[in-house]
Structures are given as C-alpha cells and as structure tokens.
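I opened my notebook to look up a few features in one structure.

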Amino acid sequence: MEKNDKDPNLHHDDDHNNDKSKEEEKGDTVSDDVDVDKKENVDVSNAETDHVDPGDNAEKVNSPLGQEEAPPEIPQTIESLSEELDQLLTSLSLHKEEHKDNNTEEEKGEDGNYFQIPQFVGKFLDLFEDKLSKHDTVDPKTTWYQDPEEVSSLLEAVDRVSKLMELLLNTKSCLDHHESLINHAGSIQQRAMAFLEDEFRVLLEESVIKEPAVVTEDQQDHHNDSQDQDNVNNVPEGDDEKIEYPGYSEEMVVLLRKIVEKMKGAGYGCECKEAYLVGRRNILMRTLKQDCEFEKVSIDEVQKMSWGELEREIPIWNKTVKDSSSLFFPGELKLAEKIFPEDKGSLFCIITHGLAIQFLGFAEAVAMTKRSTEKLFKILDIYETLRDGFPAIEELFPRSSATAINIFSDLENSIKSDSSKTPVPGGAVHPLTRYTMNYLKYSCEYKDTLEQVFKSHSKMEEEESTERAFANQLMRIMDLLDGNMEAKSKLYKDIPLSCIFMMNNGRYIVQKIKGSAEIHEVMGDTWCRKRSSELRTYHKNYQRETWGKLLGFLGHEGLMHNNKIVKPNLKERFKSFNATFDEIHKTQTTWVVNDEQLQSELRVSITAVMIPAYRAFMARFGQYLDPGRQTEKYVKYQPEDIEDLIDQLFEGNTSSSSTATAKRRT
C-alpha cells in the first residue's frame with residue numbers, strides 16, 4: 001500500500017504546501033467571482049428555478065442575498081464517533097505494523113510522512129470524560145450497571161481508549177508529534193480505571209446475595225448427631241441448616257468479569273486483583289463470624305484458654321470447618337474461576353489458604369493442652385471433623401506446600417512482567433506496589449507455617465541455605481519490586497517528579513512493613529534503615545533539582561557594579577524568580593504525596609531552605625526598587641506568600657494553581 005496515496009491520516013509536508021497553494025488560488029478566484037456578481041448586480045432571489053440543479057437546496061434559491069444556509073449540525077455522540085475511531089485504530093495498527101522494522105519512518109524519514117490524528121479523537125475523549133463525570137455525580141454511583149446499553153457503551157469506550165493509548169505509546173511518530181493528545185488520553189484512561197476500580201470494589205461489597213447450601217442426607221445425619229452431642233454438653237445450638245454462601249447473581253458475575261477484562265486490557269490488572277482479594281477476604285471473614293461465630297485466634301491464645309472456654313470454642317471450630325469444606329471454600333474457588341479465569345488458583349489460595357492453616361493450628365493447639373479424661377469427647381469431635389472435612393479441603397489445595405511456593409512464584413512473575421509504559425499521574429504510589437505489599441502482609445500472618453514450607457522446599461531443591469528461607473524469598477520479591485519501580489521512575493521526563501515517585505513508593509513500603517509486626521520481624525530493622533536512607537537520598541535529589549535552581553536567583557552575583565546596584569539586572573532577577581516559582585507552583589500542586597508525614601516533611605524542608613534566603617534577598621535588595629508601581633511590578637511575593645504557596649504543593653489538584661493566585665492577590 002502506498003502511504004501517500006491511500007492513507008488519509010498520513011501527513012506529507014510537500015503535499016500540505018501544495019494543497020495550501022491551491023486553496024489560495026481557489027480563494028482568489030472566488031473573490032473575483034464575487035466582485036463580478038456585485039458589478040452586474042445579480043438579483044439571486046428572482047432567479048429562474050429552471051437554472052437550479054435538482055440536487056441544490058431550495059432554500060438556496062429563496063434565501064436573501066443568495067447566501068446558502070448551512071444544514072443543521074448533527075450532534076456528535078460517543079456512538080456516532082466510535083465507528084470512525086475503530087477505523088482509525090485499524091489504520092494506526094496497520095501503519096505501526098508496516099514500519100515496525102523500519103527506523104527511518106520513526107524520524108519522519110525520507111518522505112516526510114507521519115501519522116495524523118484527526119480532531120474527532122479529542123472530541124471522543126471529551127465525550128467519554130463527560131460520561132464518566134455524569135456517573136461520578138450520581139448518588140449512589142453504582143446505578144449505571146442496571147442499564148445493559150449503558151454498560152455496553154461505557155465498557156466499549158474504555159476498550160477503545162485503552163487500544164488508542166497502546167497504539168500511541170508504541171508508535172514513535174505519534175510520541176513525537178502527538179504528545180498533548182497522549183497526555184489527554186492518558187489522564188482520561190487513568191480516570192476511567194479509577195472509576196472502574198471503585199465500582200468493582202463497591203459491586204463486590206454491596207451486590208452480595210446469599211445462596212443456600214445444598215445439604216445431603218449424610219450431612220444432615222451427621223449434623224443431627226453433632227447437635228445431640230452439643231446439647232449434652234450445654235453448648236448453644238448452631239443453625240447449620242441455614243448456612244448460605246455470600247455470592248452474586250449470574251448477571252453480576254458477568255459484569256464483574258467484564259470489568260476485570262477491561263482493566264487487565266489497559267494494564268490495570270493489579271488494581272483489580274487487590275480489590276478482589278481484599279473484598280472477598282473481608283466478606284468471607286465477616287460471614288464466618290456472623291454465621292458461625294468464628295473468631296481468629298492464635299495458637300498461643302488457644303493454649304492460654306481454660307478448658308471451659310475451649311469447650312465453647314471447639315463446637316464453633318467444628319461448625320466453621322464443616323461449613324468451609326462443604327460450602328465456603330468450594331464457593332470461593334468457583335467464584336474465582338468465573339471472574340478471574342486465568343488467575344483463579346492463586347487468588348483462591350490467597351483468600352482461603354490462611355484460613356485452612358488457621359483451622360489446623362487450632363486443632364494442633366488443643367492437642368498440645370494438658371491431657372485429661374474430660375477432654376476425650378471434644379478431642380474426638382475435632383478428629384472426626386478433620387477426618388470428614390479436610391479431605392475435601394485438601395482437594396482444593398493440591399500439594400499444599402507446592403501451592404504456596406507456586407503462589408510466590410506467580411507474584412515474582414507478575415512483578416517481572418509488569419512493564420507498563422504509562423507513568424502514574426503525579427508520581428503517586430504505583431498499583432503494583434500496593435498489590436505486592438498487601439500480598440506480603442497477608443502472607444506474613446502465617447509466617448511460621450510458610451517458613452516451614454520454604455525450608456522443606458529448599459531441602460528438596462538441595463539448596464545450600466535453608467535458614468530464613470521464607471525471609472530470603474521476601475527479600476527477593478522486595479528486590480524485584482524495587483528494580484521495577486526504579487525502571488518506572490525513568491518514565492517521568494521531570495527528574496524531580498521521578499524522585500517524588502520513588503519517595504512515595506518507598507515510604508508506602510516502609511510504612512506497610514513497620515505497621516505489621518509479622519512482616520517487620522521477617523524483614524528486620526537493618527533492611528528498614530537501609531530503605532529509609534535511600535528515601536533521604538531521593539529527597540535531597542528532589543530538593544537540589546527543584547529548589548537549588550530557584551535559589552540561584554537569590555544570589556548577589558551580577559547585581560553590583562562599582563559598589564552600586566545595577567537596577568536593570570535586579571529587576572530581571574526578580575522577574576526570573578517570579579516566573580520560575582510560578583511554574584514550580586503550577587506544576588507541583590498537581591503532584592501527589594498521600595502520606596501526610598512525607599508531605600509535611602517535604603514542605604517543611606522546602607520552607608526551611610527558601611524562606612530565609614528569600615527574606616534575606618528582599619531585605620538586601622528590595623529597598624532599591626522605587627516604592628509604588630515598580631515595587632508591585634517586580635516584588636510579586638512577600639516571604640509569607642511564598643510560605644503559604646509551598647503549603648499547597650503535592651495536593652494532586654490540577655486547579656490549585658489558579659485558586660492560589662486568586663487568594664494571594666486579594
């Protein structure tokens with residue numbers, strides 16, 4: 001296919017100039033015709049209708065002064081522009097494929113061609129943003145899913161924006177010539193993903209329906225026997241017949257799966273997984289507490305219980321294990337299969353494996369208590385529950401130790417394979433960081449068991465060191481995550497913003513570790529101190545790259561000549577300082593620092609550097625400007641103004657700069 005002749009979206013510099021010349025010639029001709037009409041004083045309103053072409057609009061003949069009325073403009077909608085966008089995406093994909101092995105095109109090569117993006121793409125993005133805004137303002141937000149047409153329209157629009165971003169980011173000529181469009185599309189994609197993530201989380205939580213369990217005849221007989229035994233021991237009856245699984249309607253499962261597909265397609269699979277893990281884990285724990293009165297207790301807590309307390313806890317444990325093996329665990333596996341077909345195993349294991357370990361730990365702790373004849377029947381109850389219930393659970397966790405190893409291998413692979421090229425807006429915490437740290441936090445709740453699993457695995461693999469095998473695994477994952485974040489920081493063209501990104505992610509990791517006694521014990525103080533030292537280095541680099549340059553305007557060099565102030569230089573210095581500070585404020589109010597302590601530390605350190613230097617500069621040189629208009633023109637800020645504006649940085653607010661200016665000037 002010849003690019004110049006057949007692809008209307010290719011821009012050719014020479015053709016563009018020729019077309020422009022032709023248009024100018026055409027314009028001259030039109031002007032001449034108009035002059036002739038004026039000279040001849042043609043009355044178009046009385047022209048014979050026989051001279052009108054059949055295709056002409058009748059209004060053209062009858063309109064005053066012979067002016068043709070424009071046809072009514074057809075309003076553009078997402079639906080009307082979608083077909084055009086699909087055709088454009090196909091053309092862009094073909095263009096990219098044609099030049100994947102041709103580096104000359106990427107520099108707008110020999111023929112001067114590059115791919116043009118029509119204006120309607122921007123219109124499509126604006127309409128899609130309006131749609132998102134409309135749903136954001138609805139209370140409650142989660143109503144759009146009730147309209148199948150709206151679901152289809154919104155999710156298809158998400159898909160188109162994702163495909164557009166993927167093609168734009170992977171076509172160098174687009175990167176070179178359409179940066180503003182890429183930024184616009186990227187911000188809208190980020191907003192769409194945030195919207196879908198919130199909706200996914202809310203739908204998981206608020207769309208739960210209780211599905212009754214199917215109780216077999218054998219299970220009912222066993223239940224009756226257990227209930228009789230419980231009554232003998234004066235234990236409150238459990239309502240086993242009414243256990244229900246917290247699931248979703250088929251329609252809701254389909255919608256949740258569609259949201260997952262769209263988010264994964266846009267490179268936001270980690271956010272989806274994290275929302276699902278947290279949501280389903282909370283729902284399952286809440287259900288066990290409400291329906292089975294189950295509370296999580298440690299082995300130490302069990303061993304400290306009196307026998308009277310244990311007598312009441314054991315029936316609750318029996319019921320919870322039975323219900324989990326027959327209903328809750330199989331239900332979680334089936335649900336994960338439906339919503340995350342490709343990740344079902346790892347997600348199911350993360351949600352339920354810890355509970356299975358908790359069940360076994362309770363039984364082990366009871367067995368370790370002091371022996372006595374009165375405990376025999378309760379111990380036998382535990383034995384029967386394990387005998388009858390755990391084979392079913394074990395089928396869900398085939399080769400449990402290998403499963404645990406594979407889960408961590410999956411985590412390593414997910415970190416290695418996350419090579420998204422879209423930087424997180426404002427340098428905020430990356431979703432992969434949040435996902436990984438929550439993953440590790442949950443894992444470390446069962447660190448003793450996992451340490452045993454990894455020790456056994458190390459012995460089977462004949463590795464030299466088996467001590468701290470689980471800790472070594474965590475260290476390896478943290479190193480992978482650190483390397484991934486370092487690579488992602490290079491996506492930012494602005495060095496200070498890349499420093500903010502690394503500080504945000506590093507602080508999040510350190511706070512997660514310090515906030516969990518289990519993971520902190522595994523990682524250790526030495527690791528935390530080393531990471532905190534790295535954060536201070538990023539802080540210094542940020543300070544030097546941003547505020548070091550601004551401080552340069554407050555030096556005395558070039559302002560004095562023969563012990564006299566050079567006023568033009570002084571005025572220029574104030575102007576340069578004002579312009580540079582305005583640009584910093586405008587840019588860095590859009591940057592994000594969610595950790596309040598880090599945000600405060602940054603602002604305080606900036607203030608400590610800037611305010612004394614600016615105050616000293618004003619005291620030394622401000623007096624040499626004439627009072628009145630000259631002072632107002634060049635001394636734009638007082639030290640207090642600078643301090644107030646520094647306190648507006650890192651809010652992630654795109655409109656804060658204009659608001660700050662208005663407040664400052666009133």
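**Entry 1: a helix**

How many residues does helix H23 have, and how far does H23 reach from its first C-alpha to its last? I found 26 residues, numbered 596-621, and a reach of 37 Å. That is close to the 38 Å expected at 1.5 Å a residue. I kept in mind that this is a predicted model.

Next I followed the axis of H23. H23 bends by about 25° at Thr607. Then I checked the N-terminal end of H23, which Asp595 caps. A side-chain oxygen of Asp595 lies 3.2 Å from the backbone nitrogen of Gln597. I also looked at Arg620 and found it over the face of Phe621, at 4.9 Å from the ring centre.

**Entry 2: aromatic rings**

I noted for myself that a pair of aromatic rings is described by the distance of the centres and the angle of the planes. The structure holds 15 aromatic pairs. I picked two to look up.

Trp144 and Phe195 came up as a tilted pair, 6.0 Å centre to centre, with 45° between the planes. Why does this pair tie together parts that are 51 residues apart in sequence? Trp144 lies in the loop between helix H5 (120-137) and helix H6 (148-169), and Phe195 lies in helix H8 (residues 179-206), so the pair ties those parts together. I found both Trp144 and Phe195 buried.

Phe200 and Phe340 form an edge-to-face pair. I wrote down 6.5 Å centre to centre and 90° between the planes. Phe200 is in helix H8, and Phe340 is in the loop between helix H13 (307-339) and helix H14 (344-367). Is Phe200 buried or exposed? Phe200 is buried, with a relative accessible area of 0%. Phe340 counts as buried too, at 2% relative accessibility.

I ended this entry with a group of rings. Trp547, Phe577, Phe581, Tyr614 and Tyr637 form one aromatic cluster.

**Entry 3: salt bridges**

I reminded myself that side chains of opposite charge can pair when their charged atoms come close. The count comes to 26 salt bridges.

Glu197 and Arg434 meet in a salt bridge at 3.6 Å, N to O. Glu197 is in helix H8 and Arg434 is in helix H17 (residues 431-444), 237 residues apart. I found Glu197 buried, with a relative accessible area of 11%. Arg434 counts as partly exposed at 23%.

Which residue forms a salt bridge with Lys338? I found Glu250, with the closest N and O atoms 3.2 Å apart. Glu250 is in helix H10 (residues 250-265) and Lys338 is in helix H13, 88 residues apart. Glu250 counts as partly exposed at 46% relative accessibility. Lys338 is partly exposed, with a relative accessible area of 36%.

Lys636 and Asp582 form a salt bridge, with their closest N and O atoms 2.5 Å apart. Lys636 lies in the loop between helix H24 (629-634) and helix H25 (639-646), and Asp582 in helix H22 (residues 567-588), so the pair ties together parts 54 residues apart in sequence. Lys636 counts as partly exposed at 27%. Asp582 is partly exposed, with a relative accessible area of 23%.

Salt bridges that share partners join Glu197, Arg201, Glu274 and Arg434.

Definitions and conventions:
Residues numbered from 1 in each chain as written. Predicted model: local features only at pLDDT ≥ 70, side-chain atom pairs only at ≥ 80, totals over all residues. Heavy atoms only, no water. Helix = DSSP H or I, 4+ residues; strand = E, 2+ residues; numbered from the N terminus. Expected span 1.5 Å × (residues − 1). Bend = angle between axes of the 7 residues up to and from the residue. Polar contact = N/O pair within 3.5 Å; in protein donor to acceptor, adjacent residues only side chain to side chain. Phe/Tyr/Trp six-rings, centres within 6.5 Å; stacked < 30°, edge-to-face > 60°. Buried < 20%, exposed > 50% of the residue type's maximum accessible area, 1.4 Å probe, protein only. Lys NZ or Arg CZ within 6 Å of the ring centre and 35° of its normal. Salt bridge = Lys/Arg side-chain N within 4 Å of Asp/Glu carboxyl O.
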